[in-house]
Amino acid sequence: MSPRTCMITITLALLAASPAHADSESPWEGKVVSVADGDTVTVLRGGKEQVRIRLDGIDTPEKRQAFGKKARKFTGAMVAGKVVRVAPVTLDKYGRTVARIYLGDKCLNKELVRAGLAWWYRKYSPKDKELAALEAAARKADRGLWKDPKPTAPWDWRRQQRGGAG
């Protein structure tokens, strides 16, 4: 093993063992400083650390997809520039903190699904009965993206953009 590979392996092992790892971290507060899209925001923690947050249990349409801009606008209107509570769940493969975001007693993740601007992400949150119920109600009421008779799920849209690769 090369010295560089060894150093990378040690660094990754230390990060995985760190008590700051998202899935063992307590909720914390910070100010939302940017909204990348409907389900990804950056929160300023402790006034100095910017933390990229991917919303847990949901998937919003991509920016270039139908309802993608509306989902981003909804997220921005709800949390941009505001102090929120971040409840970390885990880290994703890109190193982002996957979390629930709360503004007072409202959960952004749930509000997006309730408004018909996000799918319940069954693959990563299969047991979340509340998100399932919120999505079912939004579908039944033809809210947001559910007005479309055949909306394309973001994970299918991304696969199509990659040329069908799994």
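## Basis

This is a predicted model, in which local features need pLDDT of at least 70 and side-chain atom pairs count only at pLDDT 80 or more, while totals for chains, interfaces and linings use all residues. Residues are numbered from 1 along each chain as its sequence is written, and side-chain values use heavy atoms, with hydrogens and water left out.

## Overall makeup

The protein has 5 helices and 8 strands (DSSP runs: helices H or I, at least four residues; strands E, at least two; numbered from the N terminus). Of its 166 residues, 42% are buried (buried: under 20% relative accessible area; exposed: over 50%; partly exposed in between; 1.4 Å probe, protein chains only).

## Cores

The largest nonpolar core has 24 residues, and Val-43, Ile-53 and Ile-101 have the most contacts inside it. Such a core is a set of buried Ala, Val, Leu, Ile, Met, Phe, Trp, Tyr and Cys residues joined through side-chain atoms within 4.5 Å. Elements that each supply at least two residues of this core include strand S1 (28-37), helix H2 (68-79) and helix H4 (129-140). Apart from it lies another core of 5 residues, among them Trp-119 and Trp-146.

## Helix H2

In H2, Gly-68, Ala-71, Thr-75, Gly-76, Met-78 and Val-79 are buried. Seen down the helix axis, the buried residues of H2 fall within an arc of 170°, so they line one face (arc: directions from the helix axis to the C-beta atoms). The face turned away from this buried side carries the exposed residues Lys-69, Lys-70, Lys-73 and Ala-77.
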